[in-house]
Amino acid sequence: MPTSPIAVIVLAAGQGTRMRSSTPKVLHRLAGLPLIHHVLESARALDPAHLVVVVRHDRDTVAASVLEVAPHATLVDQDELPGTGRAVEQAVEALPADFAGDVVVVSADVPFVDLATLTDLLARHREAAADATLLSAFLENPTGYGRIVRRSDDSVDRIVEQKDATEKERAIAEINSGTYVFTVAALRTHLPFVTPSNAQNEKYLTDVIGLLTLNGGIVAAKPVDETWRVEGINDRAQLAVAARRLNDRIVRHWQLEGVSILDPQTTWIDRDVSLAADVEILPGTQLKGATVIEAGAIVGPDTTLVDTEVGEGATVKRTDATLAVIGARASVGPFSYLRPGTILGADGKIGGFVETKNATIGAGSKVPHLSYIGDTEIGEGSNLGAGTITANYDGVNKHRTVIGSHVRMGSHNVYVAPVRIGDGAASGAGAVVRKDVPPGSLALSVAPQRTISGWVEAKRPGSAGAVAAAAALAADGAEHDQKSANDEPAE
């Protein structure tokens, strides 16, 4: 294919009212990425000399998202005159005056038009020496799309939009996908003559096709083999269909790479997730963001990991984790909540009903049961008893708890931060630790137990507890009397 320069124009100015959302349509997410990021990825893969993105609705939000992945893109603000024709007209005006190459036009809400599809479209355009080439598709139900009207010799005559089409034209199955290649000369010559004289009072880009054919220009069309690639996303129902389609492809990709996924229908994997061979994913699992899972790890069931690293051979069961690191051969869950900043070392354990936040738990250390560990550092080989709480907030500021290595702490301990527990220390059950504990020391919070006899009968007379207590006391008394009688010496 000739190597003349390419410009890519991405149309992202629409409001997307059918989404019924405060979020711009092109920023709704598909496999973890905004729709427009999928499109920009394909556009950038063409290595264009110029990348122009046309914005309008919620301009600053969309522009910020564009610049995240395409920092060198040229942003063009569409003016009050609506329509794709006006958007492309303004984008072409932003190109250098000496640009003389081809212009690829794509829509920010058509995320599956990939590099291979665009490359084939460019090749068809250049082989035909065309002024314009359309990416088309044959659909069983073409409702909503512009129809491609061909001449008797099968060449392209024009495109007619759904609202402007006759009944005969609406019966045409070949549709315009909204993806094009034009010579820049064709656009510069004909766009000024496009008028908003149509049902929507917009400047249609498709009218350029009619003007080209009227003036003897060459217009080609390249049908796609996979029609789903040109499906646009206009509402949340279509977004859900697209999400399922893409997820099925992602899941299959990882299965072919050696990942065991027991239930593909309940497993969701974002585009940027990375999985090693021999990972096992159990049902009901969502892997989001830039999550990375190493070889031999088992994740699930019913687990959601967001931007989380899971080490080789680790097990993560019924867990919600975000921005966490789980070491090799570590164990997490069930019903664990790992908040951002959690780092669990190799062979460590975060057990059932444990919440962690901004906590580093060393190699081989364990927080097995019913605990909250926040703003905490734990050394190696330590074990915290059930019901441990690090009280990290004094109502104004957060403070850290530091627990050393090979520490053995009792059940139902509370550590009132800031506090340090030295290596090899221990604590008794129910300890409230407010002061530092030196290495090898035992921390106790001992208070004498006080027992008030008859309290239930006196304070809750007639209650079920009082009746049960009276019966138990009576039974104890009878047993005592019988024992006393048996212990009397024989005469």
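Author: The model is predicted, so local features need pLDDT of at least 70 and side-chain atom pairs count only at pLDDT 80 or more, while totals for chains, interfaces and linings use all residues. Residues are numbered from 1 along each chain as its sequence is written, and side-chain values use heavy atoms, with hydrogens and water left out.

Reader: Why is Trp254 called buried?

Author: Buried means under 20% relative accessible area, exposed over 50%, and partly exposed in between, with a 1.4 Å probe and protein chains only. Trp254 has a relative accessible area of 12%, and is therefore buried. Trp254 lies in helix H8; helices (H or I, at least four residues) and strands (E, at least two) are DSSP runs, numbered from the N terminus. In sequence Trp254 and Ala277 are 23 residues apart, and their C-alpha atoms are 8.5 Å apart in space.

Reader: What makes Ala346 partly exposed?

Author: The relative accessibility of Ala346 is 25%, so Ala346 counts as partly exposed. Ala346 is placed in the loop between strand E26 (343–344) and strand E27 (349–361). Ala346 and Ser331 are separated by 15 residues in sequence and by 9.1 Å from C-alpha to C-alpha.

Reader: What value does phi of Phe335 take, and where is Phe335 placed?

Author: Phi of Phe335 is near 60°, a positive value in a residue other than glycine. Phe335 is in the loop between E24 and E25, and its relative accessibility of 45% means that Phe335 counts as partly exposed.

Reader: Why are H1 and H2 called oblique?

Author: Axes are lines fitted to C-alpha atoms, for helices over the stretch in contact, and angles run from 0 to 180 degrees between N-to-C directions. Angles under 35 degrees count as roughly parallel, over 145 as roughly antiparallel, 65 to 115 as roughly perpendicular, and the rest as oblique. The axes of H1 and helix H2 (residues 59–69) come within 10 Å and cross at roughly 40°. H1 and H2 are therefore oblique to each other.

Reader: How many cavities of 30 Å³ or more are counted, and which residues line the largest?

Author: On a 1 Å grid over the protein atoms alone, a cavity is a set of points where a 1.4 Å probe fits but cannot get out; a pocket is an open set with protein on both sides within 12 Å along at least five of seven lines, and lining residues have an atom within 4 Å of a point. Grid points are joined across faces, edges and corners, and a volume is the space filled by probe spheres set on the points. The count is one cavity of 30 Å³ or more, and the largest cavity holds about 50 Å³ of space. Its lining consists of Val39, Ser42, Val106, Ser107, Val110, Val113, Leu118 and Thr179. Helix H1 (35–45) and strand E6 (102–107) are the elements that give two or more residues to this lining.

Reader: What volume has the largest pocket, and which element gives the largest share of its lining?

Author: The largest pocket has a volume of about 1600 Å³. Of its 46 lining residues, Arg18, Lys25, Thr84, Asp109 and Asn234 are the closest to its centre. E10 gives the largest share of the lining, four residues.
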